[in-house]
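Please find below a note on the model under discussion.

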Amino acid sequence: MTIKELYKLYQEHPCITTDSRDCPKGSIFLALKGDKFNGNKFALQALENGCAYAIVDEDPSNLPCLGEASNALASPKQGRLEGSGSLIYVPNCLQTFKDLAREHRRQFQIPIIGITGTNGKTTTKELIAAVLSKRYNVLYTQGNFNNDVGVPKTLFRLTKEHDIAVIEMGASHPGDIRTLAETAEPTCGLITNVGRAHLQGFGSFKNVVKTKGELYDYLSRRGDSLIFLNADNERLIDILPDNVWVAPYSANPENVEGCTVGEVISCAPFLKFRWRESDSNLEDKNQQPQWYEVQTQLIGSYNIDNMMAAIAVGLNFGVEIADINSALEAYKPTNNRSQLTVTEHNRLVVDAYNANPSSMRAALENFRLMEGKPKMAILGMMGELGNSSQKEHQKLVAQLATLDLEEVWLIGSEFTPIDCPYRKFSDVEEVKAAIREHQPQGRLILIKGSNSNKLFELPELL
């Protein structure tokens with residue numbers, strides 16, 4: 001079956017499931033597989049549970065779960081199991097999933113904004129969605145569904161009711177962004193920044209930049225595309241294509257001309273900033289741009305870049321300035337990113353979803369500037385750094401030595417060989433035990449680490 005033929009089948013059965021335990025009647029089961037699972041083994045179960053079709057990429061006659069029932073297949077491409085629906089054989093289920101999602105996306109002639117970057121892409125995605133929602137019905141990536149399974153799932157949520165889509169794209173290997181861009185086919189794009197993350201998968205920082213730049217490459221090939229450019233980032237400027245429209249933004253009004261610009265007013269502890277439109281947006285060229293102040297509910301001066309990105313997007317799509325500001329002021333993080341939590345015992349700065357060298361440096365620098373003492377840091381190790389891991393963790397410990405911290409707890413094996421005066425733990429369970437033994441009191445505590453450290457389990461104990 002061609003993708004177009006398969007898509008016609010989807011239109012008759014507009015529900016795809018990848019979980020054989022969740023099979024709405026008449027849906028299509030798609031047998032994805034990974035290192036520890038193989039959906040092909042559950043194809044028959046999915047049909048028995050209510051699916052009208054099951055798409056597999058292993059020869060059905062070799063699937064032990066089907067037994068003698070597989071002999072009822074009329075052909076290896078498509079056949080019917082009496083009384084239990086149909087099996088459809090494809091060379092690769094994941095590729096078919098992406099191809100089908102792209103075919104679905106092509107049914108909608110709407111702007112699609114692709115977002116990637118080392119840090120801040122999820123927060124930026126949510127801020128952009130909040131701003132655009134003031135004027136449009138917006139589809140946007142839920143949670144962190146930003147990989148080669150999550151992006152297709154997001155695209156399949158597109159309906160005729162949507163006016164615009166915001167698609168987050170994550171990467172841990174070269175080529176990942178190219179693949180996701182070719183699936184989502186964005187009409188415009190934004191790279192938040194590039195930093196030293198997932199070096200084990202990328203191999204080098206050069207490959208990180210190249211991979212993030214695959215979004216620019218796609219938009220360049222597409223033609224007549226728009227890039228929202230962080231004009232403070234020289235690496236992004238260096239890889240900017242010539243044949244695209246650019247909407248630049250900056251957090252340094254003294255440095256960049258022709259940009260939507262902003263600057264930090266305070267972080268006490270929430271970010272407050274001001275911004276103004278680009279001079280080029282003004283009809284009267286003799287007029288001075290007006291400054292607007294925004295009081296956010298986000299911790300961290302580094303979030304001004306995310307705010308400015310959302311402003312640039314909102315302006316481009318005609319959202320009223322008052323609506324932009326109200327959306328940014330109303331946004332409150334609920335995903336362990338830049339959250340301030342006040343408990344009975346302490347004030348917590350919770351940023352426990354992601355950690356890499358650049359985000360760690362920014363978080364610690366912001367924590368240094370925050371008012372409140374005594375200060376304590378609970379930091380989890382940074383993952384997927386490959387041969388650079390020990391060096392990057394050593395740099396982190398060196399930065400800690402420059403801060404006025406009452407106490408530091410370090411979690412994970414990467415800290416073990418580093419000579420430092422800080423308390424070390426093998427995992428979060430040891431930290432929990434330490435908290436139960438001696439509850440920290442009256443402190444401003446930074447909790448920062450990769451999601452795999454499970455530091456998000458600590459706030460309720462502190």
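**Note on the predicted model**

1. Val-350 stands opposite Ile-447 in β20. Helices (H or I, at least four residues) and strands (E, at least two) are DSSP runs, numbered from the N terminus, and two strands pair if DSSP finds at least two bridges between them. The model is predicted, with local features needing pLDDT of at least 70 and side-chain atom pairs counting only at pLDDT 80 or more, while totals for chains, interfaces and linings use all residues. Residues are numbered from 1 along each chain as its sequence is written, and side-chain values use heavy atoms, with hydrogens and water left out.

2. Strand β16 (residues 347–351) runs parallel to β20 (residues 444–448), and 5 bridges connect the two. Asp-351 has Lys-448 of β20 as its bridge partner. With β15, strand β16 pairs in the antiparallel sense over 4 bridges; there Thr-341 faces Leu-348 of β16. A hairpin of 4 residues links β15 to β16.

3. How enclosed is β16 by the rest of the structure? The strand is largely enclosed, because 4 of its 5 residues are buried (buried means under 20% relative accessible area, exposed over 50%, partly exposed in between, with a 1.4 Å probe and protein chains only).

4. These strands belong to an open sheet of 6 strands with mixed pairing, in the order β15-β16-β20-β17-β18-β19. Its edges are β15 (339–342) and β19 (423–425), each of which pairs on one side only. On average, neighbouring strands of this sheet are turned by 20° against each other, direction ignored. Axes are lines fitted to C-alpha atoms, for helices over the stretch in contact, and angles run from 0 to 180 degrees between N-to-C directions. Helix α15 (residues 428–437) lies across β18 (407–411) and β19, at about 150° to β18; contact means heavy atoms within 4.5 Å.

5. Another open sheet, also of mixed pairing, has 9 strands in the order β7-β8-β6-β9-β10-β11-β12-β13-β14. Its edge strands, β7 (138–140) and β14 (292–299), each pair on one side only. Helix α12 (residues 321–330) packs on the sheet, touching β13 (270–276) and β14, and its direction makes about 25° with that of β14. Within the sheet, β10 and β11 (residues 245–250) run parallel and are joined by 5 bridges. Ile-227 has Val-246 of β11 as its bridge partner.

6. Most residues other than glycine have a negative phi, and most peptide bonds are trans. Glu-185, not a glycine, has a positive phi of about 50° and lies in the loop between α6 (176–184) and β9 (188–191); at 13% relative accessibility this residue counts as buried. Asp-224 also has a positive phi, near 50°, in the loop between α9 (214–222) and β10 (226–230), but is exposed, with a relative accessible area of 67%. Lys-373 and Pro-374 are joined by a cis peptide bond with omega about -5°, and Pro-374 is placed in the loop between α13 (357–369) and β17 (375–380).

7. The largest nonpolar core has 55 residues, of which Ile-55 and Leu-158 touch the most other members. A nonpolar core is a set of buried Ala, Val, Leu, Ile, Met, Phe, Trp, Tyr and Cys residues joined through side-chain atoms within 4.5 Å. Beyond its neighbours within four places in sequence, Ile-55 has contacts including Leu-6, Ile-28, Phe-29 and Val-90. A second, separate core of 39 residues includes Val-131, Leu-226, Phe-228 and Ala-309.
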